[in-house]
Amino acid sequence: MLYLASQSPRRRDLLTLLGLRFGVLDIDVPEVRRSDEPAEDYVDRVAREKAGAGLLEVVAVPGAWVLGADTEVVLDGEVFGKPRDGDDAAAMLRRLSGRTHQVLSAVSLVSAGRELQARCHSQVTLAPLDDAAIAAYVASGEPDGKAGGYAIQGLAQAFISHLSGSYSGVMGLPLFETGQLLRQAGLIGCEPPPAGAGA
């Protein structure tokens, strides 16, 4: 049995595309970067901690696997997490405006006796944004709870001039890497997922 250690509707929708039935766990793991912790290590650790916390909840379930994921926006070595409020979101967008940033998305798949992990790197370029565009976007509420203060699958698509990497990874769950881990675990085969399968 597979469980997703996330309440994110985006991750649920993406995982459903792989054709698996899964349970959803409400996991609360602090997302605090340690002093001098490289961004790559940070995103890997948080994904692993989410999966581990989820496994503790279902460890009594025979054959349980738990999938944890974390996605972070990185610019000039600084990790942009979820904005605290509208002002913080606007500040993030001003810094990302007209620049190319990195999006790191890590996936951790764990069972009682095994741990698998993968990470996806993407590059995203935002067009130059003026204050009015940023204010209107923040007022939409879409930046709430989104790393870097934007959602690639929403209104922010109009701001993205270039993407190199994984669209689903920027959304929050890189499907190629996730599928590879699930195959390694024997949870899915090499055949395409059946139409309409999911949670």
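Trainee: How many residues lie between β5 and β6 in their hairpin?
Mentor: This is a predicted model. In it, β5 covers residues 100–110 and β6 covers residues 115–126, and the two run antiparallel. They form a hairpin, and the number of residues between them is 4.

Trainee: Which residue in β6 stands opposite Leu-104?
Mentor: Strands β5 and β6 are joined by 11 bridges. Across from Leu-104, the residue in β6 is His-121.

Trainee: What is the bridge partner of Gln-123 in β7?
Mentor: Strand β6 also pairs with β7, in the antiparallel sense, over 4 bridges. For Gln-123, the partner in β7 is Ser-164.

Trainee: How many residues apart in sequence are the parts that the aromatic pair ties together?
Mentor: The whole structure holds 1 aromatic pair. Its members are Tyr-137 and Phe-159, with centres 5.3 Å apart and 80 degrees between the planes; over 60 degrees counts as edge-to-face. Tyr-137 lies in helix α4 and Phe-159 in the loop between α4 and β7, so the pair ties together parts whose separation in sequence is 22 residues.

Trainee: Are Tyr-137 and Phe-159 buried or exposed?
Mentor: Of the 199 residues of the protein, 52% count as buried. The cut-off for that is under 20% relative accessible area. Tyr-137 and Phe-159 are both buried.

Trainee: What is the radius of gyration of the protein?
Mentor: The protein has 6 helices and 7 strands. For 199 residues the globule rule gives 16 Å, and the protein's value is close to that, so it is as compact as a globular protein of that length; its radius of gyration is 17 Å.

Key: Residues numbered from 1 in each chain as written. Predicted model: local features only at pLDDT ≥ 70, side-chain atom pairs only at ≥ 80, totals over all residues. Heavy atoms only, no water. Phe/Tyr/Trp six-rings, centres within 6.5 Å; stacked < 30°, edge-to-face > 60°. Buried < 20%, exposed > 50% of the residue type's maximum accessible area, 1.4 Å probe, protein only. Pairing = 2+ DSSP bridges. Rg over C-alpha atoms; globule rule 2.2 N^0.38 Å.
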